[in-house]
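Please read the following report alongside the sequence and the coordinates. It is written for someone who is new to this structure.

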Amino acid sequence: MKQNKIDRREFLRTSARAGLVMGGLGILAGCRNKTAQAPVSSAGKGEMTYRTSPGSGDKVSILGYGCMRWPMIKNDDGQDVVDQETTNRLVDYAIEHGVNYFDTAPVYLQGQSETATGTALKRHPRNSYFIATKLSNFSNHSRENSIAMYRKSFENLQTDYIDYYLLHNISGMAAFKRRFVDNGVLDFLLEERKAGRIRNLGFSFHGNAEGWDELMQTHDLYHWDFVQIQLNYVDWKHASARATNAEYLQQELDKRGIPSIIMEPLLGGRLAKVPQHISDRLKERNPQGSVASWAFRFAGTPKGVLCVLSGMTYMEHLQDNVGTYSPLVPLNEDELAFLEETAELIRKYPTIPCNDCKYCMPCPYGIDIPAILLHYNKCVNAGEVAAKTTDEGYRKARRAYLVSYDRAVPKLRQADRCISCGICTGHCPQNIDIPKEIRKIDMYIENLRKETL
Amino acid sequence: MLRKFRIILAAAFFTGVTLLFLDFTGALHSWLGWMAKVQLLPAILAVNVVTVAVLLLLTLLFGRIYCSVICPLGIMQDVVSWIHGRTKKKNRYRFTYSPAKKWLRYTLLVLFVVALFAGAHSIAVLIAPYSAYGRIAANLLAPVYRLGNNFFAWIAERAGSYAFYSVEVWIKSFTTFIIAVVTFVIIAVLAWKNGRTWCNTICPVGTFLGFFSRYSLFAPVIDKAKCTSCGLCSRQCKASCINPKEHEIDYSRCVVCMDCLESCREGAIHYAFRRKREEKASDTGRAVSNDGRRAFLTSAVIAGASTALKAQEMKVDGGLAEIARAEKPQRSAPIVPAGSISLKNFNDHCTSCQLCVSACPNNVLRPSSSLMTLMQPEMSYERGYCRPECTRCSEVCPAGAIRPISKEEKSSVQIGHAVIDLNLCVVNTDEVSCGNCSRHCPSGAISMVRRNPDQEATLMIPVVDEEKCIGCGACENLCPARPFTAIHVEGHEIHKEI
């Protein structure tokens with residue numbers, strides 16, 4: 001908790017400084033608006049922006065649909081299933097407004113995403129959209145299982161070719177060799193590309209710079225048609241310790257002329273749900289635009305970006321994003337600098353970089369990991385995390401934390417039930433030390449309960 | 001006037017005592033806790049000399065006011081009886097005088113005292129009034145109250161408010177629940193038909209106080225000169241103790257409700273100093289039917305839908321593994337809260353009123369189902385554990401079964417000790433590292449040691465230092481092994497300080 005205190009003090013100092021800078025920028029921005037463009041008011045009224053894939057010549061919409069967050073409902077047995085009807089409506093709206101890239105994977109949504117996406121897309125002509133899916137051979141990477149998984153994707157998606165096929169979640173050479181090279185799966189996929197059943201072959205990357213460099217060297221051998229990377233205005237220069245700055249990733253791809261697909265432009269929603277003063281800061285600069293629109297404009301700005309993925313559960317998010325990208329107004333130098341300052345402010349918040357991707361789930365001991373981490377983040381952003389019993393507003397923060405915690409996570413799935421077995425850690429694409437974070441939260445809650453902060 | 005005064009006081013007491021059983025936040029006890037502590041039987045068992053003396057003095061002065069104002073079971077019967085009276089005017093005059101059933105009264109009192117001394121509290125508390133009411137409030141009212149609270153919590157959650165939070169509602173002991181239902185039905189039926197039959201034939205506290213109220217200084221007296229022997233007072237006397245023919249009142253059974261005072265059209269009954277037998281100024285008695293309005297609010301029931309998702313066979317993203325409920329282990333000795341001193345002290349004083357069971361915020365205390373300690377509270381850790389910051393049961397106990405104890409004292413009282421069964425431990429069954437028991441032990445009694453001492457890199461298994469363990473059950477509650485946890489607490493007969 002001492003750590004927290006320092007963070008806060010430091011944070012206040014920084015934000016005071018930033019406030020001054022911001023004030024100055026505000027005036028500048030005001031001047032500019034009068035004379036030059038009015039970026040956002042014009043957005044959303046035009047046509048969707050498209051980028052061209054250098055290899056295949058595909059004209060891909062800058063907004064891609066991430067299919068890992070389709071709306072869910074409970075079926076008669078009380079199980080979570082995809083709400084197909086709502087999903088269909090989302091897909092219809094997206095296609096109608098120019099979105100033509102749909103990214104899914106066999107493991108998404110407890111294995112339901114491919115089928116749901118395929119069902120929704122089947123209702124449109126096959127040449128009106130591109131399908132991306134992945135080889136998620138994490139738990140069993142034998143050749144048989146991998147190829148079976150590949151074939152199952154065709155069946156689930158009801159198609160006879162896949163436009164963009166990815167080796168799912170590669171962190172470095174070791175995993176790459178183990179899962180794709182040694183078992184001959186990659187050779188098989190290269191043949192499939194030749195046969196036209198895979199139109200573009202690439203991989204999605206989560207890892208450090210060393211692993212990245214090694215993977216880039218394989219380009220001469222395999223000719224990657226595209227690579228999927230995590231890019232947003234925080235990860236641009238401030239990626240977490242075990243990841244790589246997006247600035248470097250994009251630069252390396254540009255060097256080789258490989259187009260990039262962007263994942264996590266919102267850091268799993270964390271760049272849409274920011275602390276109040278950061279949201280105010282963004283709104284002050286652009287009162288009409290949503291907080292999320294800044295992140296999307298940022299992700300679309302680099303020229304080498306082919307498509308920016310967003311996992312949109314709600315129609316409002318889809319409409320907002322379509323608006324931001326119809327057409328995309330790239331960020332100018334001033335705006336980029338402004339976002340970099342914002343990124344530094346956000347980084348000061350001790351939130352946990354969980355994107356709610358649920359790769360860690362299900363925990364064999366029943367812990368609801370993302371719910372615990374996200375609840376903590378929510379409280380950090382809302383300023384409901386107290387550092388000391390003597391803090392002003394401690395009582396209120398304590399009650400808010402404990403009551404909302406019980407609401408967010410059932411008792412048997414809370415942090416104190418985590419046995420720190422570490423099974424989840426390997427699954428986390430953000431490389432979060434999950435047991436450590438959970439223990440930290442557990443300790444904080446224990447201190448709140450005992451009033452011994 | 002006196003009657004109104006009695007009704008107001010009774011309503012206040014009844015509401016207060018009931019709220020003590022309903023409130024789960026612990027906020028009310030600091031204000032109203034004394035209402036439980038002035039109940040006669042708990043006060044006697046707690047050897048609370050001052051309270052007992054004051055209660056006896058009160059009875060010697062004014063009669064069985066205790067039964068009309070302080071005893072929640074008595075007031076509950078008045079409420080039931082009053083409701084029956086409201087149904088038809090005729091029903092308000094449904095009572096008749098009946099002679100005291102002395103044999104039954106005295107026999108039950110003697111049996112009650114014998115049972116108490118013989119340690120058979122579970123039998124005695126069946127007819128003890130405060131225990132009976134506590135049983136009814138804790139088992140029948142509290143769940144409804146909590147469901148109501150959960151409904152508000154449900155709304156609050158949607159409104160983004162933290163004013164209400166939801167609490168678990170569960171039947172803590174099936175046996176006790178059934179006994180509570182039977183108790184309520186019997187007493188309610190008796191009250192519906194004949195008012196205070198229970199108080200004047202069965203209740204041992206009533207019989208005991210009758211010995212004193214017989215000689216009370218103040219009492220309702222009938223002015224024979226004015227009395228026309230109409231019998232109206234007798235027909236409104238829920239204690240059936242006015243003999244209109246003889247112009248006599250059986251003061252051992254009269255609960256001084258003052259109903260008769262206002263029923264007499266001739267103004268012939270006064271609440272007065274008995275010894276003088278003189279008439280005070282003769283006011284005209286007014287027969288005013290008093291409208292006491294009580295509204296009982298029952299709240300909507302929200303069925304808490306529990307979600308159970310099956311564990312995934314193949315590793316895909318998301319979903320929740322099913323968690324089996326922990327089974328209650330066999331304990332060689334029951335665990336009772338810190339402050340109980342010993343099982344014997346606990347058993348000797350406990351009146352099974354369920355106040356501590358209602359107050360326990362951690363779902364640890366529940367009524368025992370074993371024969372000798374039937375309905376007396378005991379601890380178990382399937383739903384929660386005895387949290388270090390909580391001393392609520394010791395604060396609320398009116399009978400001295402759980403003596404007041406501070407958090408600091410509690411942290412050094414050994415109420416039991418943990419026992420490990422390594423065959424059930426997930427380190428051995430699942431080959432994973434765990435140590436959750438050790439991490440959460442508030443007294444540092446559990447350490448992790450190498451499973452195989454010859455190897456450097458080996459999984460760690462928990463061991464308990466019995467001398468440091470206080471028996472709080474954090475380890476048992478947080479142990480992931482199912483259906484039986486790998487670590488459980490055995491109770492101690494005599495609590496000791498470490």
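This is a predicted model: local features need pLDDT of at least 70, side-chain atom pairs count only at pLDDT 80 or more; totals for chains, interfaces and linings use all residues.

Residues are numbered from 1 along each chain as its sequence is written, and chains are lettered from A and ligands numbered from 1 in the order in which they are written.

**Domains**

Domain bounds are taken from an automatic or database domain assignment. For chain A this gives domain 1 (8-346) and domain 2 (369-450), whose C-alpha centres are separated by 28 Å. Contact here is defined by C-beta atoms, placed from the backbone, that lie within 7 Å of each other. By that rule, 10 residues of domain 1 of chain A are in contact with six residues of domain 2 of chain A, and the domain 1 side comprises three nonpolar, three polar and four charged residues. In these classes Ala, Val, Leu, Ile, Met, Phe, Trp, Tyr, Cys and Pro count as nonpolar, Asp, Glu, Lys and Arg as charged, and the others, Gly among them, as polar.

Chain B is divided into domain 1 (2-307) and domain 2 (343-497), and their C-alpha centres lie 38 Å apart. Between them, 31 residues of domain 1 of chain B are in contact with 29 residues of domain 2 of chain B. The largest share of the domain 1 side, six residues, comes from helix H10 of chain B; helices and strands are DSSP runs (H or I, at least four residues, for helices; E, at least two, for strands), numbered from the N terminus. By class, that side of domain 1 of chain B holds 15 nonpolar, 12 polar and four charged residues.

**Between the chains and inside the core**

Across the two chains, 28 residues of chain B are in contact with 36 residues of chain A, and the chain B side has 15 nonpolar, eight polar and five charged residues.

A nonpolar core is a set of buried Ala, Val, Leu, Ile, Met, Phe, Trp, Tyr and Cys residues joined through C-beta atoms within 7 Å. A residue is buried if 20 or more other C-beta atoms lie within 10 Å of its own, exposed if 12 or fewer, and partly exposed in between. The largest nonpolar core has 242 residues, and those with the most contacts inside it are Ile262(A), Tyr66(B) and Cys356(B). Helix H10 (residues 129-159) of chain B gives the most to this core, with eight residues. Leaving aside neighbours within four places in sequence, Tyr66(B) is in contact with residues including Leu40(B), Cys71(B) and Leu209(B).

**Backbone features**

Most residues other than glycine have a negative phi, and most peptide bonds are trans.

| Cis peptide bond | Omega |
|---|---|
| Ser326(A) and Pro327(A) | about -10 degrees |
| Arg482(B) and Pro483(B) | about 0 degrees |

Pro327(A) is found in the loop between H15 and helix H16 (333-348) of chain A, whereas Pro483(B) lies in the loop between helix H22 (474-478) and strand E10 (487-497) of chain B.

Asp356(A), although not a glycine, has a positive phi of about 60 degrees; this residue counts as partly exposed, with 19 C-beta neighbours inside 10 Å. His247(B), also not a glycine, has a positive phi of about 55 degrees, and its place is in the loop between strand E2 (242-243) and strand E3 (248-249) of chain B.
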